[in-house]
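Dear colleague,

Please find below the structure that I am handing over to you.

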Amino acid sequence: MSRLRFCLALLISVLALNCPAKEVQPVSLQLLWKNQFQFAGYYIAKEKGFYAEEQLEVDIREYKHDTDIVGSVINHQADFAVGRSSILVSKGNGAPITALFATFQKSPFMLITRGDIKTPAELKGKRVMLTNEAHEVAEVQAMLIKAGVSANDYIHQEHSFNISDLIDNNTDVMGAYTSNEPYQMQLQQQPYAIIHPADYGFDMYSDILFTHNDTLNNKPLLTSKFYKASIKGWLYAFENIEETSKIIFEKYNSQNRTLDALIYEGIALKKLAMTGDTPFGEIIQERFKEMENIYLISGHLTPSFDISNFIYQGNRSSDGDMLDNFPVWQTVIIMLIVISYLIYRNNVASLRNTELIVIAEHDQLTGLYNRHKLIESISEYIQLSIRYDWKISCIFVDIDNFKVINDTFGHNAGDQVLKNISQLLVKTLRRTDIIGRWGGEEFVIILPETDLLMAEEIAAKLRIAVYEAKFSIDHTISCSLGVTQYKKDETVEEFIGRADDALYIAKHAGKNRTAVL
């Protein structure tokens with residue numbers, strides 16, 4: 001081992017002599033608003049060293065009054081910026097910018113009322129607080145136009161950004177974010193209603209990271225590094241919401257948010273960023289075309305606009321940068337080979353530890369959570385439901401006549417059916433749902449923020465998906481499902497037990513059906 005250490009030290013010394021020290025590159029990022037969870041991925045990329053790993057020193061700039069977000073990039077005051085969907089208008093009007101990724105697949109921007117106004121058509125004659133930059137709320141304007149409400153039909157008020165104005169009846173409707181104002185209303189035990197443009201066919205990307213075309217063309221490797229490190233930061237932030245919220249609370253809390261408010265914001269924003277099977281940050285031309293129509297309807301784009309080459313296609317020039325330093329990379333390759341050999345045993349040990357964790361938490365046949373991990377997850381979600389007054393439901397699933405399958409086709413075929421059904425259930429469920437194998441041919445599904453009615457609809461969808469699926473054996477397969485909703489102060493055992501009781505009812509009512517308790 002000592003010889004290997006000496007060899008490693010020698011190679012590192014050679015590398016240090018042959019490789020000039022990489023300079024840390026300063027990078028600036030302009031935010032579109034004040035510090036909050038809305039920008040968590042960038043804070044995390046900085047605090048966890050993801051930017052530093054790419055030799056980037058990032059200056060994250062909080063929004064200040066009258067900051068021109070697009071102008072800061074066009075005028076080279078900032079290398080990158082986070083903009084609303086309205087940057088599409090800037091691009092259409094000739095701004096030399098490129099969109100890198102969209103933090104949110106669905107915009108958190110909506111209208112909030114005291115609960116007495118629930119549809120866009122009811123805004124006629126009402127006082128509405130919106131920002132003066134009309135292009136920033138184009139989806140709201142398009143929604144109102146569709147409902148027959150023009151800008152002259154309601155009273156436009158300057159936005160105070162103070163929820164008390166809504167509570168105290170100083171306004172009737174307020175432009176708000178799903179991740180913020182609803183929490184404030186809940187905290188003050190005030191009734192409210194949300195009018196979201198997406199519910200009326202006007203869905204927008206939001207918080208789009210963009211840069212100047214000069215940066216993209218002249219610094220492709222820097223752009224690529226910032227892009228990858230930022231996405232890494234966002235994925236970490238959404239996987240570790242409470243930890244991330246504590247970091248924001250301690251280091252980026254210029255708005256003096258409570259920790260609970262930041263956690264609520266993180267949970268709400270995760271739903272808008274992580275939708276279905278869509279990769280984080282994805283932006284596609286088809287969605288931009290839908291957004292074009294919204295800005296055309298609202299009058300902010302003319303038919304002659306041009307948004308070609310707006311979406312970042314990745315770093316195509318970095319290979320040339322590496323070839324310029326080929327002699328250095330020869331040394332790097334040698335060093336990596338030696339390092340790989342030296343740390344091989346340690347990696348094997350670490351891998352074994354990781355495998356032990358996976359084995360301890362997952363069912364070996366299906367790859368789903370096992371019963372132990374499932375109970376642990378249910379307990380955690382129950383605590384979150386108590387803290388945030390969520391509704392949480394459970395579906396207990398049992399494959400009908402599974403013994404017949406094993407007896408007729410053999411246990412190997414039965415195992416394959418279990419694996420196929422597991423994959424089908426995961427594919428059919430939402431990304432936020434939790435599923436595990438309870439035992440044998442039984443599965444348990446936990447549905448966060450889901451009431452009994454919605455859970456029943458999901459169960460019906462699952463039942464039909466299983467019944468209509470084609471399996472490797474010549475046999476019709478069905479399942480029975482029991483559905484229930486968590487009741488205050490009950491234990492995990494009581495919660496799951498009631499779902500099991502519902503399943504018993506479904507089984508004895510003829511199978512291939514759903515029962516609710």
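A residue is called buried if its relative accessible area is under 20%, exposed if over 50%, and partly exposed in between, with a 1.4 Å probe and protein chains only. By this rule serine 85 counts as buried, because its relative accessibility is 4%.

Two remarks on the source are needed. This is a predicted model, in which local features need pLDDT of at least 70 and side-chain atom pairs count only at pLDDT 80 or more, while totals for chains, interfaces and linings use all residues. Residues are numbered from 1 along each chain as its sequence is written, and side-chain values use heavy atoms, with hydrogens and water left out.

Helices (H or I, at least four residues) and strands (E, at least two) are DSSP runs, numbered from the N terminus. Serine 85 is found in the loop that lies between strand E3 (80–83) and helix H5 (87–92). Contact means heavy atoms within 4.5 Å. If neighbours within four places in sequence are left aside, serine 85 is in contact with Glu139, Met204, Tyr205, Ile208, Met291 and Tyr295. From serine 85 to aspartate 207 the C-alpha distance is 7.1 Å, although 122 residues separate the two in sequence.

Aromatic rings

Rings of Phe, Tyr and Trp (its six-membered ring) pair if their centres lie within 6.5 Å; planes under 30 degrees apart count as stacked, over 60 as edge-to-face and the rest as tilted. The search of the whole structure found 19 aromatic pairs. One of these is edge-to-face and joins tyrosine 42 to tryptophan 234, at 5.8 Å centre to centre and 80 degrees between the planes. This pair links distant parts of the chain, since tyrosine 42 belongs to helix H2 (residues 40–47) and tryptophan 234 to helix H10 (residues 220–239), 192 residues apart. Tyrosine 42 is buried, with a relative accessible area of 0%, and tryptophan 234 is buried at 0% as well.

Phenylalanine 109 and tyrosine 177 are also edge-to-face, because their ring centres are 5.9 Å apart and their planes are at 80 degrees. Here strand E5 (residues 109–113) holds phenylalanine 109 and strand E8 (residues 173–177) holds tyrosine 177, 68 residues apart.

One aromatic cluster includes Tyr42 and Trp234, together with Phe37, Phe101, Phe104, Tyr227, Phe238, Phe280 and Tyr312.

With kind regards
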